[in-house]
Amino acid sequence: MNIKINGKVEAIKTTSLTVAELLRIAKVGNPEMVSVQLNGEFVSKENFDTTRLKHEDAVDFMYFMGGGARGRSVPGRELL
Amino acid sequence: MSLNDEQIERYSRHIILKDIGVEGQEKILAGKVLILGTGGLGAPVALYLAAAGVGTLGLADPDHVELSNLQRQVIHFAPDVGKPKVVSASEKIQAINPDIQVITYQTRVFADTIAGIIKDYDFIIDGTDNFAAKFLINDACVLGAKPFSHGGILRFDGQTMTYQPGHACYRCLFGGPPPKGAVPSCSQAGILGAVAGMLGTIQAAEALRFLIGKGELLTDRLLIFNALDMKFREVTVRKNPRCPVCGKNPSIKTLVDEEPPVCDLKHQKRS
């Protein structure tokens with residue numbers, strides 16, 4: 001089936017695929033790090049295993065990203 | 001407010017833009033923007049907003065300038081190492097543009113203090129690097145109906161989105177902070193200095209366009225780029241009905257610190 005991943009169409013050789021399986025194929029190591037939209041709707045993390053993809057679905061992965069305020073991390077002083 | 005001769009000359013390249021003009025520049029001069037974090041993101045934001053003439057700039061950061069900051073935090077110079085970041089940044093802002101009133105907060109933001117700080121500002125910049133602060137800023141802005149710019153950077157990647165009341169918020173996208181240690185910080189994983197500049201200048205442009213009320217902000221859109229291959233993409237996001245702070249049945253109605261520090265002496269003294 002063809003799945004549009006992050007805007008790019010990928011041919012995946014399977015007829016059955018869940019969001020969790022796609023994350024493994026796409027080598028997203030830790031599903032906790034990613035937020036997933038399927039055809040413009042957010043998929044809850046607890047539904048990654050049960051949400052099935054179909055031909056021509058569009059999936060977007062969004063990753064957590066921090067920022068640049070801290071020079072080095074000091075345990076216990078991590079708010080701002 | 002009317003512009004004096006010096007201001008007309010200083011801001012002439014803004015004023016000749018038909019979407020800004022004298023009226024837009026007056027709005028910028030009357031604008032109040034709070035920059036949370038004067039690090040990799042906050043540094044370029046502060047420089048550009050100061051140069052642009054944003055009348056009041058708030059700077060919040062508890063840290064002192066370190067040598068390893070200078071690779072990307074372009075508002076701080078070598079002689080500033082050891083100085084509070086808000087002091088270092090404030091000095092540069094005043095040197096660039098004496099029109100600006102700078103208000104400094106040499107502190108972190110907490111659940112019990114953030115609402116009192118953001119209420120005086122028109123637009124908030126999230127230039128923090130940790131998820132507890134990012135979610136606190138989001139919740140405070142959602143509950144206080146304040147627009148803010150989210151910014152995140154890591155290695156060669158950057159992402160940004162602008163929250164406006166009634167639209168998708170940071171929690172709509174990410175729910176809550178990732179498990180501790182799941183996502184590396186810039187100090188663990190590294191960051192190309194210029195990526196901070198790219199993302200910070202986008203955030204500065206969002207603030208300016210918000211103040212002048214022109215153009216389309218990055219609202220309901222997450223802009224993501226990778227500077228290793230220099231590719232940009234945009235994900236359209238919708239308000240999430242299950243969002244814990246702005247969804248249909250929100251569970252977050254008051255602000256809480258996501259990760260209350262347990263061994264921080266400064267915080268214990270406060271409480």
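**View 1. Helix α5 of chain B.** In this predicted model, helix α5 (residues 85-96) of chain B has twelve residues and reaches 17 Å from its first C-alpha to its last, close to the 16 Å expected at 1.5 Å a residue (1.5 Å times one less than the number of residues; helices are DSSP runs of H or I with at least four residues, strands runs of E with at least two, numbered from the N terminus). Residues are numbered from 1 along each chain as its sequence is written, and chains are lettered from A in the order in which they are written. Local features need pLDDT of at least 70, and side-chain atom pairs count only at pLDDT 80 or more, whereas totals for chains, interfaces and linings use all residues.

**View 2. The buried residues of α5(B) and their cover.** Lys85(B), Val86(B), Ser88(B), Ala89(B), Ser90(B), Lys92(B) and Ile93(B) are the buried residues of this helix (20 or more other C-beta atoms, placed from the backbone, within 10 Å of the residue's own). Their cover includes α4 (42-52), β2 (56-60) and β3 (101-105) of chain B.

**View 3. Where chain A touches chain B.** Contacts (C-beta atoms, placed from the backbone, within 7 Å) link 27 residues of chain A with 54 residues of chain B. On the chain A side, β4 (34-38) and β7 (57-63) are the elements that give two or more residues.

**View 4. Chain B as the setting.** Chain B has eleven helices and eight strands, and 46% of its 271 residues count as buried. Along its principal axes, the C-alpha trace of chain B spans about 55 × 45 × 45 Å.

Terms used:
A residue is buried if 20 or more other C-beta atoms lie within 10 Å of its own, exposed if 12 or fewer, and partly exposed in between; C-beta atoms are placed from the backbone. Two residues are in contact if their C-beta atoms, placed from the backbone, lie within 7 Å.
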